[in-house]
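Subject: Structure for you to look at

Hello,

I am passing on the structure we talked about, and below it you will find my notes on what turned up in it. Please open it beside this message and follow along as you read.

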Amino acid sequence: MDNLTIALDAMSGDFGPRVIVPAAIQALNCYPNLSIFLVGDPTEINLFLSKENAKFVKQYQQDHRLTLIESTSVIANDMKPAYAIRHSHGSSMRIALELVKNNQAQACVSAGNTGALMGLSKLLLHALVGIDRPALVAIIPALNNQNTVVLDLGANAQCDSDMLVQFAIMGQILAKTVLKIDHPRVALLNIGEEDTKGLDKIRAAAAILKSNDNINYIGYLEGNELLTGKTDVLVCDGFVGNVTLKTVEGLLKIFMSSFKLSIGHNSLLMKLLSKWLQRKVSKNFGYLDPGRYNGACLLGLQSIVIKSHGSANQKSFFAAIEQAILAIQTNIPEKIASSLSSVLPKSE
């Protein structure tokens, strides 16, 4: 397998190098063909590198599999995107993206400001021909060992019907490429299944998708069907998608944690029962753990950019790195670019 090179915005997210450095070392341990650029404040990065196995860190640096790239600033999570982009020079996020632009890295992973990452990615890496704006997409686990491609998850709060159609097309290509589904079912997220329901833009997108013979459009789905596996691709605007995903993730966390019973120290039987229940739930529903599918790809760019949750822990950020690796291995941008011309609606 060819070598992989990823640039990590090490200063991004709620925890910065505290989470990203150990996740990077974990990834280097797991993928012998992987090289990583850690972009950020060298003093902070080295502080957390010193807590890792010194032998491995030294070897990775000697082999040029781990390289530190200095940045002079950080784009704050609460910074307005337009301001952040204007003042992005020297920031860890921009430098990481520039490594991809200059072909020094094949992908960038950041847990930083979503709006800034979207804007800088489009500015530096450019959207594919035929795509107005990239969309954040993730593959969400569903019932019966199925998966659902969901987009947009927050890159575009407002979308018109043409953008929703473009999201559907990109999601279909992703489902074919990554999930190996020959004829992915495509649906629009709506407030009802009836044709008359929903906003004008959703109904207009539905009409376009129905008329496109290259898309297996199955109609509207409601939010309660997100994890049922009724569709392979679920399309919505970024506002609805972000709220929907975070609501589902919050409920799943509550569900998983509800089995961690608080048992009195004097009840051995209840302690054993609690441990058994936790193992049972973890075995049957562990695949729904949001930390396992962290990492949304900015789909529609000419290069690969992965957005991690800002609150990601080491396990979650490692999952985002794995999403970048998968995107590189499957060559997502090229697959989408080569397929767009045959499925985009013909302009009149």
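Asp 152 sits in the loop that runs between strand E6 (146-151) and H7, and the peptide bond that joins Leu 151 to Asp 152 is cis, with an omega of about 5 degrees. Please keep in mind, here and throughout, that this is a predicted model. Another backbone feature to look up is Asn 103, which is not a glycine and yet has a positive phi of about 65 degrees; Asn 103 is found in the loop between helix H5 (92-101) and strand E4 (107-110).

Next come the helix pairs. Two packed helices are described by the angle between their axes and by the distance between those axes. Helix H7 (residues 161-178) packs with helix H8 (residues 200-211) at an angle of about 50 degrees, and their axes are 8 Å apart. That angle makes H7 oblique to H8, and the crossing in which H7 passes H8 is right-handed. If you want to find the place where they touch, look on the H7 side for Ser 161, Asp 162, Leu 164, Val 165 and Ala 168, which meet Lys 201, Ile 202, Ala 204, Ala 205, Ile 208 and Leu 209 in H8. Sorted by class, the contact of H7 with H8 has eight nonpolar residues, one polar residue and two charged residues.

The other pair is helix H1 (residues 17-30) and H11, which pack at an angle of about 55 degrees with their axes 8 Å apart. H1 and H11 are therefore oblique to each other, and their crossing is right-handed. From H1 the contact takes in Val 19, Ile 20, Pro 22, Ala 23, Ala 24, Gln 26, Ala 27 and Cys 30, while from H11 it takes in Gln 314, Phe 317, Phe 318 and Ile 321. By class, the contact of H1 with H11 has 10 nonpolar and two polar residues, and no charged ones.

Now to the empty space, which can be located by rolling a probe the size of a water molecule over the atoms. The largest pocket has a volume of about 670 Å³, and 33 residues line it, of which Lys 246, Glu 249, Ser 308, His 309 and Gly 310 are the closest to its centre. Which elements each supply at least two residues of the lining of this pocket? They are strand E5 (135-142), helix H9 (238-257) and helix H11 (314-330), and the largest share, seven residues, comes from H9. By class, the lining of the largest pocket divides into 11 nonpolar, 16 polar and six charged residues.

The structure also holds four cavities of 30 Å³ or more. The largest cavity contains about 130 Å³ of space, and of the 15 residues that line it, Ile 139, Leu 174, Cys 297, Gln 323 and Leu 326 are the closest to its centre. At least two residues of the lining of the largest cavity come from each of E5, H7, strand E10 (296-299) and H11, and H11 gives the largest share, with four residues. The lining of the largest cavity divides into 12 nonpolar and three polar residues, with no charged ones.

Best wishes

Notes: Residues are numbered from 1 along each chain as its sequence is written. This is a predicted model: local features need pLDDT of at least 70, side-chain atom pairs count only at pLDDT 80 or more; totals for chains, interfaces and linings use all residues. Side-chain values use heavy atoms; hydrogens and water are left out. Axes are lines fitted to C-alpha atoms, for helices over the stretch in contact, and angles run from 0 to 180 degrees between N-to-C directions. Angles under 35 degrees count as roughly parallel, over 145 as roughly antiparallel, 65 to 115 as roughly perpendicular and the rest as oblique. A crossing is left-handed if the near helix is turned anticlockwise from the far one by less than a right angle, and right-handed if clockwise. Contact means heavy atoms within 4.5 Å. Ala, Val, Leu, Ile, Met, Phe, Trp, Tyr, Cys and Pro count as nonpolar, Asp, Glu, Lys and Arg as charged, and the others, Gly among them, as polar. On a 1 Å grid over the protein atoms alone, a cavity is a set of points where a 1.4 Å probe fits but cannot get out, and a pocket is an open set with protein on both sides within 12 Å along at least five of seven lines; lining residues have an atom within 4 Å of a point. Grid points are joined across faces, edges and corners, and a volume is the space filled by probe spheres set on the points.
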